Amino acid sequence: MIEELKSLDELVAEAEKQGKTISALTLELQAASMKTTQEALTQKMHETLLIMRQSAENGMLETASPSGLSGGVAKKMAESQAGLLGDVAQKAVTYALAIAEHNACMGKIIAAPTAGSCGILPGILLALGECKDLSDDELVRGLFNAGAVGMVIAQNASLSGAQGGCAAECGSAGAMAACAVTELLGGTPTQCAHACAIAIKAIMGLVCDPVAGLVEVPCVKRNATGAAIALTAAEMALAGIESALPADQVIGAMKSVGCMMHESLRETSQGGLAATKTAREIEKRLRSK
Ligand code: SF4
């Protein structure tokens with residue numbers, strides 16, 4: 001049963017023992033756990049991927065959220081000529097912005113794992129599909145891989161900004177995406193776990209401080225930077241670079257840092273960026289509307 005695999009270490013060990021990918025093992029165990037077929041679950045995941053793609057397409061068209069704080073940045077990113085990012089990263093960051101903006105505009109998105117961090121995983125997978133010629137079947141495999149990571153983090157730490165700060169949302173999304181990319185580009189389950197650990201370490205301690213309590217500033221742009229971090233983590237893992245600390249211990253540290261975080265930095269909009277002079281002015285302006 002999938003519920004019996006309570007750590008990434010166990011998941012990776014089982015996958016390596018059976019000579020399977022994390023996604024294949026997850027699909028098999030999840031189907032057994034839900035008493036359904038792998039085909040039915042795969043079909044459901046294709047529907048999820050379709051919504052992710054539609055949210056990216058719709059997000060590219062957004063011009064302004066109801067608050068006026070979001071809109072138009074994905075389009076600008078798509079048209080950027082600076083050339084600092086490679087094809088995959090450029091597209092991933094663009095789609096991450098688009099999906100996060102679509103969320104800010106009350107559009108339909110897939111929480112992956114949360115609405116606030118909804119752009120990172122799909123942004124990367126959609127970019128990978130286009131730039132590396134991966135089929136939807138392969139991207140769906142990536143979603144099963146990422147789902148397993150999200151499940152382990154949910155069991156051992158938190159996926160909620162109110163509990164663990166933004167590290168729990170964007171950090172978890174980055175770990176899920178880094179793991180999925182590593183598998184899709186040929187990495188072993190062990191390399192996948194290293195990618196997860198590297199991604200979480202990069203975002204450890206990130207506070208949740210949404211301006212005016214809206215999932216827009218800094219959330220939308222954090223999806224873009226979160227995607228870039230996840231791709232960097234996957235690239236490192238695929239190059240054979242290992243995390244000095246095991247992924248499960250990194251997840252444990254993320255939980256403990258989240259618990260130590262003052263409540264003003266856990267989605268209450270009382271501290272961090274939400275408490276800056278400009279943020280307070282924005283809040284006042286929105287309240288008076
Ligand atoms: S800042 Fe808070 S609300 Fe915004 S994405 Fe991060 S965890 Fe979610």
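## Secondary structure

Helices, taken as H or I runs of at least four residues, and strands, taken as E runs of at least two, are DSSP runs numbered from the N terminus. On that basis the chain, which is seen here in a predicted model, has 13 helices and zero strands. Read along the sequence, its pattern is accordingly written as α-α-α-α-α-α-α-α-α-α-α-α-α.

## Overall form and packing

The C-alpha trace of the chain spans about 60 × 40 × 40 Å along its principal axes. Its radius of gyration is 18 Å, which agrees with the value near 19 Å that a compact globule of 289 residues would have.

Within the chain, 52% of the 289 residues count as buried. When contacts between residues at least 6 apart in sequence are considered, 78% of them join residues that are at least 24 apart.

## Surroundings of the ligand

Around the ligand there are 14 residues, of which G116, G161, C166, C208 and C219 come nearest. The elements that contribute two or more residues to this shell are α9, covering 166–184, and α11, covering 219–238. Of the elements, α9 gives the most to the shell, with three residues.

Sorted by class, the shell around the ligand is made up of seven nonpolar, four charged and three polar residues.

Technical notes:
Residues numbered from 1 in each chain as written. Predicted model: local features only at pLDDT ≥ 70, side-chain atom pairs only at ≥ 80, totals over all residues. Near = placed C-beta within 6 Å. Nonpolar A, V, L, I, M, F, W, Y, C, P; charged D, E, K, R; others polar. Rg over C-alpha atoms; globule rule 2.2 N^0.38 Å. Buried ≥ 20, exposed ≤ 12 C-beta atoms within 10 Å, placed from the backbone. Contact = placed C-beta atoms within 7 Å.
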